[in-house]
Amino acid sequence: MMTDAVKQQIGKARQLMAQNSIDEAIKLLTAVIDANPDADEAYFVRGTAYHRQGQVRLAISDYCQAKLINPDSPASQAYDAAIEVLNFFNTDLYNP
């Protein structure tokens, strides 16, 4: 269970992301995760930050970790969506 302090830090990271301070948000969330390795929401939000930076592998890794901690986490949907995008291909674009 997350403490109020952890929730507050995650909220601050979300604000940083809204201000487009993604690197700062990632640093903050990494510190939260280091101190609270079971904080699935911190992994999810950091994964979202990585995804916004185009670091899809790191995003998927964080989504997966959040999903392992809490299968009901919104990270499950984010993980599935990221994998779906990676698996997408359009055979109409290939030359026969």
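Which side chains meet in a salt bridge at 2.6 Å, N to O? They are those of arginine 46 and aspartate 62. A salt bridge here is a side-chain nitrogen of Lys or Arg within 4 Å of a carboxyl oxygen of Asp or Glu. Arginine 46 lies in helix α3 and aspartate 62 in helix α4, so the pair ties together parts that are 16 residues apart in sequence. Helices are DSSP runs (H or I, at least four residues), numbered from the N terminus.

The model is predicted: local features need pLDDT of at least 70, side-chain atom pairs count only at pLDDT 80 or more, and totals for chains, interfaces and linings use all residues. Residues are numbered from 1 along each chain as its sequence is written, and side-chain values use heavy atoms, with hydrogens and water left out.

Arginine 46 is buried, with a relative accessible area of 11%. Aspartate 62 is also buried, at 4%. Buried means under 20% relative accessible area, exposed means over 50%, and partly exposed lies in between (1.4 Å probe, protein chains only).

The whole structure holds 3 salt bridges. One of them joins glutamate 41 to arginine 14, with the closest N and O atoms 3.0 Å apart. Glutamate 41 sits in α3 and arginine 14 in α1, so this pair links parts 27 residues apart in sequence. Glutamate 41 is partly exposed, at 27%. Arginine 14 is partly exposed too, at 40%.

Another pairs aspartate 80 with lysine 67, the closest N and O atoms being 3.6 Å apart. Aspartate 80 belongs to α5 and lysine 67 to α4, so parts 13 residues apart in sequence are tied together. Lysine 67 is partly exposed, at 29%. It also contacts Ala75, Ser76 and Tyr79 (contact: heavy atoms within 4.5 Å).

The largest nonpolar core has 25 residues. Such a core is a set of buried Ala, Val, Leu, Ile, Met, Phe, Trp, Tyr and Cys residues joined through side-chain atoms within 4.5 Å. Ile10, Ala42 and Phe44 touch the most other members. Helix α2 gives the largest share, 7 residues. Leaving aside neighbours within four places in sequence, alanine 42 contacts Ile10, Leu29, Val32 and Ile33.

The buried residues of α2 are Ile22, Ala25, Ile26, Leu28, Leu29, Val32 and Ile33. Seen down the helix axis, they fall within an arc of 165° (directions from the axis to the C-beta atoms), so they line one face of α2. Their cover includes α1 and α3. On the other side of α2, Lys27, Asp34 and Ala35 are exposed.

Methods
Helices (H or I, at least four residues) and strands (E, at least two) are DSSP runs, numbered from the N terminus.
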